[in-house]
Amino acid sequence: MLYAGSARFRRIIVPEGSQLVIDDAPLNLTLTSLIVYGNLSMGSATCRLRSAISITFAPAAGVPTNQMALRGMNGSTVDIHGELFIPTWTRLAQTARPNSTWVTLQQPVNWRPGQLVALPTSLWKDECRNQNEVKQIANVSADGRSLNFTTPLQFLHYGGAEYQTEVVLLSRSILLQGSPETAANLTGGHLRIESKTGRIRGVLGYRMGQQFQMGSYPFHFHMAGEVPPDSYMTDNAVYASYWRAFTIHGTHALTVANNTAFHVAGSAFYIEDGAEERNRITGNFAGYVHPLGRADTCAANGSVFGAPVIRSSATLLQPADWAAAGFYLSNAYNTIENNAASGGTSGFMFLNLPLPIGLNRNVSLEPYKRPPLSFAGNTAHSSGYHWDNAAAIYCGGDLRYDPADNATLTYKIDRSTFDPRDPNNASIPVKFILRNTKVWLGGFSVASYGDRFMVDGFESHDGTMGAAVRGDPSELYNADLNMNSANAAWLTANMPNDLQQGYRFALQWYDTWMRHLTANVTIHNVLYSTTEWLTQAALVSMTHSDQFKPYHVASLRGISLVNVTKAAVLSNAVTRTGSWRFYNFLDADGSFTGTQRPTLVASYSSANSTGPCDASAVVPCTSPFAWWMTDPNACTTTPPNVPATSNIIACDWYPWRTQARLRLQIPTYTLSPDQSSSSINNVNAYDAGVVAQFGLTGASRRATIMTRSEGVTGLTGRGGWYVHWALGAPKTLQVHVETVPRGTSILYASRYPPGTAFNVTRGGSSWLLPEAQLLPASSLDQVLGSDAGEYFYFDGALLFFKVLDHWEMPYQGREAARGEGAGAGLMVPGSRWNRYYQVDAAMPSCSTSPYPSQNGQDFSGQFCAMNGTVDDYIPPAVTAPYNEWAIPYCADVAPAPSLCSAMGVAAAAGCTCAALQQQGRCPALGLGGAWLAATGDANLAANVAKTQGYCSVSCGRCAEGEERCSDVPTMPLSLSKNMTCAQMVPLSRCFQVAPRGYCQDTCGICSGAGLPCIDLAWSDTYTCTDLKSWGLCNEAWPAATQPGAIGALSRCRRHHHHHNNNGAAQRRCP
């Protein structure tokens, strides 16, 4: 037993079977190594030491510096239990101002005079201007809610209504510290537990850790494996660490709770190799965390789109410390709850780690596929500025071994894709969920690029972006995004080079195929400025690129704008790019636009087609860009919440007239994103022509520029897409069906010279749908009348065919993104690649006048030249009725304002589904009701009837998105063989078509009766009775011998069948 006093030792070893007990009395101990093979007892779980005990780790001749440590070796038990101070950290109850000597706290504390506390910064850029303070307590108020300090505060520490700075206790009764003798080498002592049993509480580690010795951290569980519930590190503190604070390495199920770390080099709370799981990291604080390996720890370097490659070296052992975080999470499958982070490049860093590293690199595990066991109740601030698009909570970055030597670690902060999977079954995709999180002064606040990210319950203040939840899909629910607190106003006015006034936005959805679901989000305090280069905005479009273009970007509902200047609601400057032309989202309840009805929002300009203003213009540059306009009576460029300066149009949205995306590819002419570059952005040199709606020319034309960079996004339905290639008629064209939502279609048309012969094929998709050749039709009506889109028609000038996604029917390619919780009912459709229609055109006389060339390149091999303007070829509008919504589902379709007026509802506010339901009008809005009868547009009335009338969701007739089980009418001829569903039943073809989603009603799926079973003759020689007598009823026979069967199915089985959840037949033999 060590008693009170002072002593210095070179090495203390506690042998196996022995116990070293340190008494509850003041002690100052200096040593180099304390190695425990047996038991070390400094207090116990039921008896915590109150005396001031210090152990200083000092160098000694002949002892390596990495042995300046307290080590609990394998099989040992280490108990260190200092006095309990609660809480270990709290928050200010009100703002603490410079020159004040006191602060008020949110919680009562049992702290003591003489102890040290830290007050973190209330600035954004923590490393650029240090306003963190450490103060000594002079006295504590009787109620424990006020502290007086021995010296006044130097800086402001914010404690307003929006957020409050932390107050952090640093002192503990037990002190482990490094010696000043090794401070110049950034070397202190370290505590390492290599056993399953370690209990560390109430200890301060000061000047601990060794920055150039791997594995030497202030508090460290090292390769302990699965630990019991009574192993933990709780209510400890780290101050002025040379490297890290609390490390979990090769250890599982450890509790790390209520610890504090302040002024730390490298990531503070650290999950080391990416194999560590099911640990409980709760109630901790990390602050003033310093990145390593940077010449200037304030400077911003790179971005998520392109960053330097950081390599491990003798002076940077872990390259990810270049982006040091308060909480470094290389494997998300841990419980991370109720922690707080201040400073660092990020407060919380979820690393994209493809495989474990270090001592666990051979563990069979893919960390980037692990979802959080729980991430909830955490806060972060004063970070997210060390690279463009950085965030206080950053899910990204990439750490891996350099394949050149398989030893050097490389790190990049680039965006990277997570792929969360069920830890018990990697074939099941799951969501990466962050709940009830709060960020302030955090740059992009929360930033992700992985698949299936959900942020539910989020509060953001004073960011450059309120939230940047990106990926496919990404979900943001129940969020409060406040762009300007009272502290922000003080910072922008008084702190240059910290938080800027302009170039700050609450939301921005990503372009390309990423899909966003956003619900129940309030945006506060967005200011419009006429002096900033780019002002603040509640929503800013992403429109810089023609290389990457949006599909259906987002669906949202329940958006509230509070104290948002109207001019700052939406920033969407006109740009000559596809990402501007095709910018769109669905305001599903009209809450963002203020229409209070399902509203399509998309780019619009009254006097800028975004084309060139010279002789090369296919349409005049001063003509409108109105590609997204539908019925002018159902569209407005000035919805209640959005000004005309936002360059958008807001139109009533219908599920049969919804966003779609086609990739129009002409081999060796058009360019994929990989074949193009940023040089094509915001220029017209790569314009390829226009796409226009049918029936409208001149000043009424609704058209968009298309470029050689592939991809056009527009609307399904009878509006049609006339594709006008400027160089003439393409000899070979592929129309890739990237997104055509289930049950909808696009009527495609393009010009060709008279006498052209066509071969139009539809690519196959494994067993779901064989490749097929479209048949020539005798009229456009025949094309319209084919629900399956089996025909093409050429009228001597224009080729027509109907584009629909057979591969999406009935099976999803990329599953539709569907919301849950607050986002229930929201949907963004799926998309796919490499499924296309191909048009091969044989033109008998291929003109080369005008010569088909562009930018000095000869494209006569791809085009036959044609004369004439766009308006010469735009087809007439489609007025004939046809089935433009073949697979309907339940949706709220609001009646047009003109219909409301005719039915006695004059005010626009009353012409919403919610208002009409409250007025008791639901019966009249449904099937057989007066409103459908009064609908003047027969096509509109027919489609509304398919969803059981107007306002079906609000009126409770059906659930949003619900499809009625039916015989889907879109079965292609290559599958139906020109048979009806009823004709297929006696031929046992239900087993062929029903698993593909067709004939569901006729084949007994809808009713639950099951697939009908019949006897089919086995051969001309033997009967089913023969087979039964031979005992062969349960034999599986090759599919090739059984026309109309799928897989190896037996004939001659007269029995019942049942069905699994996806409708596939499952056979049971009698």
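Predicted model: local features only at pLDDT ≥ 70, side-chain atom pairs only at ≥ 80, totals over all residues.
Modeller: Ground rules: local features need pLDDT of at least 70 and side-chain atom pairs 80 or more, while totals for chains, interfaces and linings use all residues. Residues count from 1 along each chain as its sequence is written, and side-chain values use heavy atoms, with hydrogens and water left out.

Biologist: What makes Cys 128 and Cys 298 a disulfide?

Modeller: A disulfide is a pair of cysteine sulfur atoms within 2.5 Å. The sulfurs of Cys 128 and Cys 298 sit 1.9 Å apart, so they pass.

Biologist: Why is that disulfide called right-handed?

Modeller: Because the torsion about its S-S bond is about 90°. Cys 922 and Cys 955 have about -85°, so their disulfide is left-handed.

Biologist: Why does Cys 128 count as partly exposed?

Modeller: Buried means under 20% relative accessible area, exposed over 50%, and partly exposed in between (1.4 Å probe, protein chains only). Cys 128 has 32%, so it counts as partly exposed.

Biologist: And Cys 395, buried or exposed?

Modeller: Its relative accessibility is 0%, so Cys 395 is buried.

Biologist: How do you know where the second largest pocket lies?

Modeller: Domain 1 (654–872) and domain 2 (892–986) both give residues to its lining, so the pocket lies between them. Those bounds come from an automatic or database domain assignment.

Biologist: Which element gives the largest share of that lining?

Modeller: Strand S56 (717–725), with five residues. Strands are DSSP runs (E, at least two residues), numbered from the N terminus.

Notes:
Helix = DSSP H or I, 4+ residues; strand = E, 2+ residues; numbered from the N terminus.
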